[in-house]
Structure formats: structure tokens, C-alpha cells
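Notebook open, structure about to go up on the screen. I'm jotting down what I look up as I go.

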Amino acid sequence: MSAATHLFLCLKDNYGVLLHDSQSGATAAIDAPEAAPIEAALRATGWTLTDILVTHHHADHTGGIRELKSRYKSRVVAPAREAAKIPEVDETVREGDTVSIGKLSAAVIETPGHTLGHVAYWFQHDQLAFVGDTLFSIGCGRVIEGTPGMMWDSLKKLRQLPNDTRIYCGHEYTLANIRFARTIEPDNQVLAAREVQAMRQVAQSEPTIPVTVGDEKLANPFLRADLPDVAASVGMIGRPAADVFAEIRARKNRF
Ligand code: ZN
Ligand code: FE
């Protein structure tokens, strides 16, 4: 496997991540929260930035694009549906498109809900997915532009990826997400174990990501809205999963 990743914090709680193809030397930043930490990561790895893959238009994912592009002439790839809101876009992508980073190749998965044009990048061969602000470790993004039903459909697309897919998300929110998740599934032992693990990681200033699709399916309540026990815990037995999801998301907003 020729894909290497390098993960680091940006801004307050954003993650920056570099993806490097050792065969070709190509290196992509997935989102560009701010230029300085990305440049520091490039210095630390010795990699040269060739591409920026953008998940969505929010400033905490795009604020570094102009500066990085002027320095490295990197190609900027962004979702077609919100390219007009993203600076310096060279290529736009839609559902099912393929994006190459050197010899690495990603399928574009449209995941609307947080924003209407949000996309994820799935590197099937390398078992990696970069999901921006759609799916978080034990959480999901706020439904800002879309509807809860739209977000539920997007999360189901990510849930269908192979269990050993490693998920990189846009923010370090894991501990707060777990505290909320335990109010939905207080008896979920996998979730309890994740809390112990995440508390140790945070105490040691380690990232809590990547996480795997398989582990999230066992503990992330937002991926579990179609389970009878989860519906029961929010008093919605027999109701459509999208409605159960909407209720869990609403409770998280108030938490
Ligand atoms: Zn966002
Ligand atoms: Fe964000």
C-alpha cells in the first residue's frame, strides 16, 4: 500500500490531514482550514503539496486555500454544487466521479445535509474515507443547509462502506459526542469502551481519529437510528428511521 497519511490540528478543533502517494510523490491536503499548520505538516513530512480536496464550502475547511495555492500551485478539487462558494477551484466533482492523487484513486460520494453540496472522498483500494463534517467519531455534523432526512441518507451511504474503512473527519469532537451518545444508549458496552479509550487519548493529547466504519456502526447513535432499541430509547418505536434520526439530532443540538 503506497498511501500514507499525516494528521494534525488546525484552528480550534479542526483536523488537517495530508494524504501522500509514495510512488508518485503526490500529496493532497483534505480541506484547508488554515495555511500555517498545513505548511508546518509539509515541512515535517518533507512532502510537496500537489492537490487540495475540498469537502464543503465552510470557512473552517477552505480558509487556507488561497495562500496554499499561491505558494504550491496545487490543484483545487471541490464539489460542483458549491464550487461558487469555494476559492480557486480547478476541478469540480459529483457523485461517482473519480479523483486521482498520483496513483491513488478516490470515488466521490455526495453527502448533503450539513451543506447541500458536501462530498466525501473514498479511497477504496487504500481503505480510507475523508468525510468532512458529515460523519464524526460517535457523532455527525449539524444539519445546516439540508434536511434531517437528507443527512440520514448521506450517513447511510457512508455506513455502507466496508467495515475496515478508516474514517477521517473534520473535527475533534469525540468526547463530547460520546457524552451525548451515552444518553441515547446508556447500556451500549462498545460505546462505554470507546469512552475509556477516548478519555485516555485526549489526556495524552492524541487524536481520537481515524475510526473505522465497523466500530462506528456499533457505537455511533446517528448510524443506529434504524435499530429498534435506539428508536425505543427516544420513545419512537415503529417510527421511520429518518424521524428517529431527526429526533436524536435535535436532542444533540440541545445537549
Ligand atoms: Zn462545516
Ligand atoms: Fe467544520
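Predicted model: local features only at pLDDT ≥ 70, side-chain atom pairs only at ≥ 80, totals over all residues.

**Cavity.** I began with the residues lining the largest cavity: Leu7, Tyr15, Val17, Ile30, Asp31, Phe130, Val131, Gly132, Tyr168, Cys169 and Gly170. My rule, on a 1 Å grid over the protein atoms alone: a cavity is a set of points where a 1.4 Å probe fits but cannot get out, a pocket is an open set with protein on both sides within 12 Å along at least five of seven lines, and lining residues have an atom within 4 Å of a point. Two or more lining residues each come from β2 (14–21), β10 (128–132) and β13 (166–169). β10 has the largest share, three residues. Helices here are DSSP runs of H or I with at least four residues, strands are runs of E with at least two, and both are numbered from the N terminus.

I put the volume of the largest cavity at about 70 Å³, and the count at one cavity of 30 Å³ or more. Grid points are joined across faces, edges and corners, and a volume is the space filled by probe spheres set on the points. Sorted by class, the cavity lining has eight nonpolar, two polar and one charged residues. For the classes I count Ala, Val, Leu, Ile, Met, Phe, Trp, Tyr, Cys and Pro as nonpolar, Asp, Glu, Lys and Arg as charged, and the others, Gly among them, as polar.

**Ground rules.** Residues are numbered from 1 along each chain as its sequence is written, chains are lettered from A and ligands numbered from 1 in the order in which they are written, and side-chain values use heavy atoms, with hydrogens and water left out.

The largest pocket holds about 210 Å³ of space. It has 14 lining residues, and those closest to its centre are Phe136, Cys140, Gly141, Arg142 and Tyr173. The elements giving two or more residues to this lining are α5 (174–184) and α9 (241–254). α9 gives the most, three residues. By class I get four nonpolar, five polar and five charged residues in the pocket lining.

**Zinc.** Which protein residues donate to the zinc ion (ligand 1)? They are His56 (NE2), His58 (ND1), His114 (NE2) and Asp133 (OD), at 2.2 to 2.3 Å from the ion. I take as donors N, O and S atoms within 2.8 Å of the metal (3.2 Å for Na, K and Ca); water is not among the atoms, so sites may look incomplete. Along the chain the spacing reads H-x1-H-x55-H-x18-D. His58 sits in the loop between β4 (51–53) and α2, and His114 in the loop between β8 (104–110) and β9 (119–123), so this pair ties together parts 56 residues apart in sequence.

My cut-offs: four donors are tetrahedral if all angles lie between 85 and 135 degrees; four are square planar and six octahedral if opposite donors are over 155 degrees apart and all others between 65 and 115; anything else is irregular.

I also checked burial (buried is under 20% relative accessible area, exposed over 50%, partly exposed in between; 1.4 Å probe, protein chains only). His58 is buried at 17%, and His114 is buried at 5%.

**Iron.** Asp133 bridges the zinc ion (ligand 1) and the iron ion (ligand 2), which lie 3.1 Å apart. The protein donors of the iron ion are Asp60 (OD), His61 (NE2), Asp133 (OD) and His171 (NE2), 2.1 to 2.3 Å away. Their angles run from 84 to 170°, which makes this arrangement irregular. I read the sequence spacing as D-H-x71-D-x37-H. His61 is in helix α2 (residues 59–62) and His171 in the loop between β13 and α5, so the two tie together parts 110 residues apart in sequence. His61 is buried at 1% relative accessible area, and His171 is buried at 5%.

**Arg182.** I found Arg182 in helix α5, partly exposed at 27% relative accessibility. Arg182 and Pro221 are 39 residues apart in sequence but 8.9 Å apart in space, C-alpha to C-alpha.

**Whole protein.** I count nine helices and 14 strands. The radius of gyration is 18 Å, close to the 18 Å that the globule rule gives for 255 residues, so the protein is as compact as a globular protein of that length. That radius is taken over C-alpha atoms, and the rule is 2.2 Å times the number of residues to the power 0.38. The C-alpha trace spans about 55 × 40 × 30 Å along its principal axes. Buried residues make up 54% of the 255.
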